[in-house]
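Good morning, and thank you for coming. I would like to walk you through one structure, beginning with a helix and what surrounds it, and ending with charged pairs.

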Amino acid sequence: MATDAMRIAAPLGTHDVLPGEWALWRELEQAARTEFERFGYQEVRTPVFEDTRLFVRGTGETTDIVQKEMYTFGEGDDSITLRPEGTPPIVRSCLEHELFKAKKFQKLYYIGPMFRRERPQAGRLRQFHQMGIEALGGYDPLLDAETIVLAGRVFDRVGLAGYQVKLNSVGCPKCRPGYRAILREKLTPSREKLCESCQARFDRNVFRILDCKRDQCKAICADLPPPQQHACEECAKHFAAVLEALKRIELPFSVEPKLVRGLDYYTKTVYEITHSSLGARDAVCGGGRYDNMVEEFGGPPMGAVGFAIGMEATLLAIRNIRGEAAHAIASPTDVYVICIGNESRGYGFGVLDALRKKGVATDGDYEARSPKAQMRTANKLGVRFAVVVGSDEMTQGVVTVKTMSTGEEAKLPLPEGVEFIVNKLKSAGS
Ligand code: HAM
């Protein structure tokens, strides 16, 4: 016996997805795949770690993510970082594999884990999952609108009623410097009264102060001019066209003049989709346009826009809406093989195999339990058929098939028994 047994828990800010939760995870993932592909997006998988410089340059040196939330290993040119987000890796991948040579306009999607060393609290995980899309190659405001519509379609498909679309425009390299100077000037008298993070943001990224959730900062920012007031003509026109497109298709949204988002690369449109059942950290999706990243990574000048849906946040919102029903999952097992007596277990193993080879979801007992206990398991699993094998069945090469819903039993040669089950399941549509 082990004398120094030790229980080790999952790391802080991570979680296990247990068997009872998978039905919902799959449903969400499937909904996203279906809608993403309908809108013309193709899947890409990039590594979960990348050259650290990709995020320092792409996500941005002044962001909270790069400043304090990255899991980084190694030094200098060997330094790698667990990806905190999917956007810079997609751009890198497109350029590295010269995807733009074959097709100038790329619509790509990704699903997978992301890593941020956030302060653990409700809704913030250190490993979480995103389903994201990136449309690379277009400056058209209709494309911004299309991405918002697409995110909404995913939420509609999983029945997430009550989400809210909030958007804003954060300007471009032409109008941002002027606005930055105005914000600094207006904030200087109250700089000392800002929260600690915002005091640091004053020099690093003054725009972020605008959407700080702390009361003292909110009060200070109440009278500041929103970015739109200082937008250049091009940005103003672009934003008006996005709003116009959303109105045309009657997609409900609100303009949040102080929404700025926490990533450096955004230009023009930014948006968040929130769900009120989630409390303080209520975003189920965040996205926006980033027209400079491709060029900054050595590619041609190219507009781009995308979003990422947070899977854990979305699943929580779905559970809040559906209640307990969200957890109910049908058993995936259709047949349970019951062996009477130890000597028939080998024969039973062959029966299991014959059924599985025909594609039937089958399980059996591996604890040499009594037939009664095995039948209890069959009932618990809610299987459609129990296949009973004892020494008689074994010597005659037959099986006894019990239809659980009626209690009817039929003794059939093994191949016929398998065929019988396959046909019944087929006609029932499973
Ligand atoms: P983001 O707003 O940082 O954007 O993340 C998108 C969503 O991921 C959030 O709305 C939230 O649901 C989820 N999320 C983020 N951090 C955490 C966390 N620590 N724990 C749990 N969930 C989290 C991006 O990542 C951009 N790459 C989106 C984008 C794509 N913009 C353009 N293209």
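Predicted model: local features only at pLDDT ≥ 70, side-chain atom pairs only at ≥ 80, totals over all residues.

Let me begin at the end of helix H14, where Gly 382 follows with a positive phi, near 70°. Helices here are DSSP runs of H or I with at least four residues, strands are runs of E with at least two, and both are numbered from the N terminus. Residues are numbered from 1 along each chain as its sequence is written, and side-chain values use heavy atoms, with hydrogens and water left out.

Which residues of H14 are buried? In this helix, residues 371–381, they are Ala 373, Gln 374, Met 375 and Ala 378. Buried means under 20% relative accessible area, exposed means over 50%, and partly exposed lies in between, with a 1.4 Å probe and protein chains only. The cover over these residues includes strand S12 (335–339), strand S14 (385–389) and S15.

Strand S15 spans residues 398–403 and holds Thr 400, which is buried at 7% relative accessibility. Beyond its neighbours within four places in sequence, Thr 400 is in contact (heavy atoms within 4.5 Å) with several residues, among them Ala 386, Val 388 and Lys 411. Glu 393 is also one of the contacts of Thr 400, and the two side chains make a polar contact at 2.6 Å. A polar contact is a pair of N or O atoms within 3.5 Å; within protein, one must be able to donate a hydrogen and the other to accept it, and residues adjacent in sequence count only if both atoms are side-chain atoms.

Two further residues deserve mention for their backbone angles. Most residues other than glycine have a negative phi. Ala 368, in the loop between strand S13 (362–364) and H14, has a positive phi near 50°. Glu 98 has a positive phi of about 50° and is not a glycine; its place is the loop between helix H4 (87–96) and helix H5 (99–102). Ala 368 is partly exposed at 43%, and Glu 98 is partly exposed at 44%.

I turn now to the charged pairs. How many salt bridges are there? The count is 27, where a salt bridge is a side-chain nitrogen of Lys or Arg within 4 Å of a carboxyl oxygen of Asp or Glu.

One of them joins Arg 157 and Glu 35, at 3.0 Å from N to O. This pair links distant parts of the chain, with Arg 157 in helix H6 (residues 141–157) and Glu 35 in helix H1 (residues 22–38), 122 residues apart. Arg 157 is partly exposed at 41%, whereas Glu 35 is buried at 6%.

Another joins Arg 204 and Asp 64, at 3.1 Å. Because Arg 204 lies in helix H8 (residues 196–204) and Asp 64 in helix H3 (residues 64–69), the pair ties together parts that are 140 residues apart in sequence. Arg 204 is partly exposed at 25%, and Asp 64 is buried at 16%.

A further salt bridge, at 2.9 Å, is formed by Lys 268 and Glu 234. Here the lysine, Lys 268, is buried at 6%, while Glu 234 is partly exposed at 43%. Finally, salt bridges that share partners join Glu 29, Arg 33, Glu 43 and Arg 45 into one network. Thank you for your attention.
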